[in-house]
Amino acid sequence: MSGLFGNNGLVYEYITIDNLLITMKLTLNHFNSLISLVNHFNSDKRCRDFITEQRWSGNVVCPFCGCTHTYVCSNGDNQFKCADCKKRFSCLVGTIFHNTKLPLQKWFMAMYLISSHKKGISSHQLSRDLD
């Protein structure tokens, strides 16, 4: 089970894995315009770094076994390997961004637009704004 909700410029993403609720808070409220958001998150790596920091705050936890002993893989793409279960994972595993075909910059723009409209935004308008 997963979902997405917004309130006053804050977007929260939640996902349930084995009855464990993982919450990631993406604070997008300090951007005063879509242009400033796009300038700040100008690459996929920058988006992944932000997700990694927001999700784990420097203490990476394996989403499969919960182990805190992990290794950073050398590819530089926010890939990790668990010392216990030996599984490789990224910062996107267990989030709404897992296996997405869209660039993360587009996801961040969508979250900003959804949370910045007072009365909400239709899916068609969101699609037009993002293209």
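Okay, let's start in the middle: the largest nonpolar core here has 26 residues, and Leu37, Phe41, Ile51, Phe89, Phe97 and Phe108 are the ones with the most contacts inside it. By nonpolar core I mean a set of buried Ala, Val, Leu, Ile, Met, Phe, Trp, Tyr and Cys residues joined through side-chain atoms within 4.5 Å. Buried is under 20% relative accessible area, exposed is over 50%, and partly exposed is in between, using a 1.4 Å probe and protein chains only.

Quick housekeeping. This is a predicted model, where local features need pLDDT of at least 70 and side-chain atom pairs count only at pLDDT 80 or more, while totals for chains, interfaces and linings use all residues. Residues are numbered from 1 along each chain as its sequence is written, and side-chain values use heavy atoms, with hydrogens and water left out.

The largest share, seven residues, is from α3. Those labels are DSSP runs numbered from the N terminus: helices are H or I with at least four residues, strands are E with at least two.

Now, how do α3 and α4 sit together? Their axes are 10 Å apart, at an angle of about 130°. Axes here are lines fitted to C-alpha atoms, for helices over the stretch in contact, and angles run from 0 to 180 degrees between N-to-C directions. That makes the pair oblique, since under 35 degrees is roughly parallel, over 145 roughly antiparallel, 65 to 115 roughly perpendicular, and the rest oblique.

On to the sheet. It's open, with three strands in the order β4-β5-β6 and antiparallel pairing. Two strands pair if DSSP finds at least two bridges between them. β4 and β6 are the edges with a single partner strand each, so one side of each has no neighbour in the sheet. Three bridges join β4 (residues 70-72) to β5 (residues 79-82), and Tyr71 has Lys81 in β5 as its bridge partner. Another three join β5 to β6 (residues 88-90); there, Gln79 partners Ser90, and Phe80 stands opposite Phe89. In the β5 and β6 hairpin, with five residues between the strands, Lys86 has a positive phi near 65°.
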